[in-house]
Amino acid sequence: MSENSIQTAIAEAEGLIKAGRHGQADMLLSSAILTAPNAPALRRRLGILRAQQMDYPGARRELEAAASLAPNNASILQPLAFVYDRMSLPVLARAAAERLLDVVPDNSAAFSLLAGMAKSGEDHSTMLDGITRAISRSETPANDKARLGFAGGRLAHLAGDPARAFAFFESANQAHSAQDDAAGRAALANRLMNAFSKVSWPDFQPRARLILLTGAPGSGQAFLADVVASHPDAVLATDIGPLAEAVVGLKERSGSSDAFPECVAGASAEVWQAASDAMFADLMADYGEAKVYVMSAPAAFLQAGAAAALAPGAVIAELRRSPMAYALSGFMRHEGASAAYSYSAEGLGRLFRTTETLSAFWDGVLPHAPITVTDSELIHAPEAAAAKVLAAAGLTIDPDCEAQIEAVAPAARFADDIGLDRWRAYAPHLGVFRYALWPQTP
């Protein structure tokens, strides 16, 4: 197979991927590899495709094969390190990232991955020096400077230097080009509140119960979801796609000329039930049959009303972080350009206030008011927090749930390194958040 034929196959696969035909792209690339088994470009593209589809074992096979054919290719080492990390293979992930730095000394992805794997008490000085040099170079792209800044900030944080860490985070936020869309989310929240204030809540027997864990980003949803879903009668739906698809389908099912959320105002009980049946059919096909399905996502707070209507008796649990911990957590985490809420104090403040407003609305309008779980409960009383969520779904806490709690150290219950109280070390730098969260009125 010639080089031109290889590039043509990759281009055709790219077109299929853009069209959403991932299975056909996989088959095309797999077929091309049979013809050209020693073409690293084909194996690299197939490995990346499978990683995007969360088939990490399949991605690993192809990327390892590509790396054996082209051991110094940074475009292969980078996704391979990512896949190792996603598969919880830290030794291999670290080795791939370090090899990547040997090939490309300023590689921001390698520094980011290594910083994410770093632990308190380790000597991070060499990496911090490398990150500082890379940021200082004028030719380093802005987005790479942002990624490097978040990596340096985490290392300085672990080293117990909050002033240096905050400076890194501040420079990272300034360098990042993502556009903050907190205002757009506020507009959507207003549309949701207007639409769901007019909805007729259906009352039918859904095919299963639904637990939706949501709230502000970084508030411990993943930890609590794992605990609740450890119950023998529950299953964790790692993809909230069935909920999103049911929401999108409401317009067509109701014959409404309005998109979501406006279409919910005129949806009949029969429309809600048909959408509910389709949602649970998708969940059962993807995750097997269960009495209770558990979903978890910060953004799903915008869909809480739809979840309550699609699954009457649904349990909506809002996880609440103390405002300063929430703000600092968002400021210090690199989420990528698709999560612009993490890139400015002002945007975080607007998102916080939008969430507060929407929370108060859901509390007053949903048939069953959301259950509140605080960050303090996740640290000091996780069994009680899980028990009250399960009780609302008609279940009692199970030894498997308690075992899952024991398996996760308190410091690992949030997706950051500040836990419950470590934000206080940053007190001299938090004035920007005080104003953003609670702006002064004239």
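Predicted model: local features only at pLDDT ≥ 70, side-chain atom pairs only at ≥ 80, totals over all residues.
Local features were taken only where pLDDT is at least 70 and side-chain atom pairs only at pLDDT 80 or more, whereas totals for chains, interfaces and linings use all residues. Residues are numbered from 1 along each chain as its sequence is written, and side-chain values use heavy atoms, with hydrogens and water left out.

The sheet is open and consists of 5 strands in the order β2-β3-β1-β4-β5, with parallel pairing; strands here are DSSP runs of E of at least two residues, helices are runs of H or I of at least four residues, both numbered from the N terminus, and two strands are taken to pair if DSSP finds at least two bridges between them. Its edges are formed by β2 (234–236) and β5 (371–374), each of which pairs on one side only. From one strand to the next, the twist averages 25 degrees. Strand β3 (residues 292–296) is mostly covered, 4 of its 5 residues being buried, where buried denotes under 20% relative accessible area, exposed over 50% and partly exposed the range in between, for a 1.4 Å probe and protein chains only.

Strands β2 and β3 run parallel and are joined by 3 bridges, and Leu236 stands opposite Val294 in β3. The parallel pairing of β1 with β3 extends over 5 bridges, with Met295 in β3 as the bridge partner of Leu212. Strand β4 (residues 315–320) is joined to β5 by 4 bridges, again in parallel, and Leu319 has Val373 in β5 as its bridge partner. Helix α19 (residues 382–392) lies across β1 (209–215), β4 and β5, and runs at about 165 degrees to β5; such angles, from 0 to 180 degrees, are taken between the N-to-C directions of axes, which are lines fitted to C-alpha atoms, for helices over the stretch in contact.

Ala229, found in helix α12 (residues 221–229), counts as buried because its relative accessibility is 15%. Leaving aside residues up to four places away in sequence, Ala229 touches Ala234, Val235, Leu236 and Val294, a contact being heavy atoms within 4.5 Å. Ala229 and Met295 are 66 residues apart in sequence, with a C-alpha to C-alpha distance of 9.1 Å.

Helix α16 (residues 323–331) is mostly covered, with 8 of its 9 residues buried; among them are Met324, Tyr326, Leu328 and Phe331. The cover over these buried residues includes α9 (142–158), α10 (162–175), α17 (345–365) and α21 (431–437).

The axes of helix α2 (residues 22–35) and helix α3 (residues 40–52) come within 10 Å and cross at roughly 155 degrees. The two helices are therefore roughly antiparallel, a description applied to angles over 145 degrees. In the contact, His22, Ala25, Asp26, Leu29, Ser30, Ala32 and Ile33 of α2 meet Leu42, Arg43, Arg45, Leu46, Leu49 and Arg50 of α3. By class, this contact has 7 nonpolar, 2 polar and 4 charged residues. Arg50, located in α3, is buried, with a relative accessible area of 13%. Not counting residues up to four places away in sequence, Arg50 touches Asp26, Ser30, Asp55, Gly58, Ala59, Arg61 and Glu62.

Technical notes. Parallel < 35°, antiparallel > 145°, perpendicular 65-115°, else oblique. Nonpolar A, V, L, I, M, F, W, Y, C, P; charged D, E, K, R; others polar.
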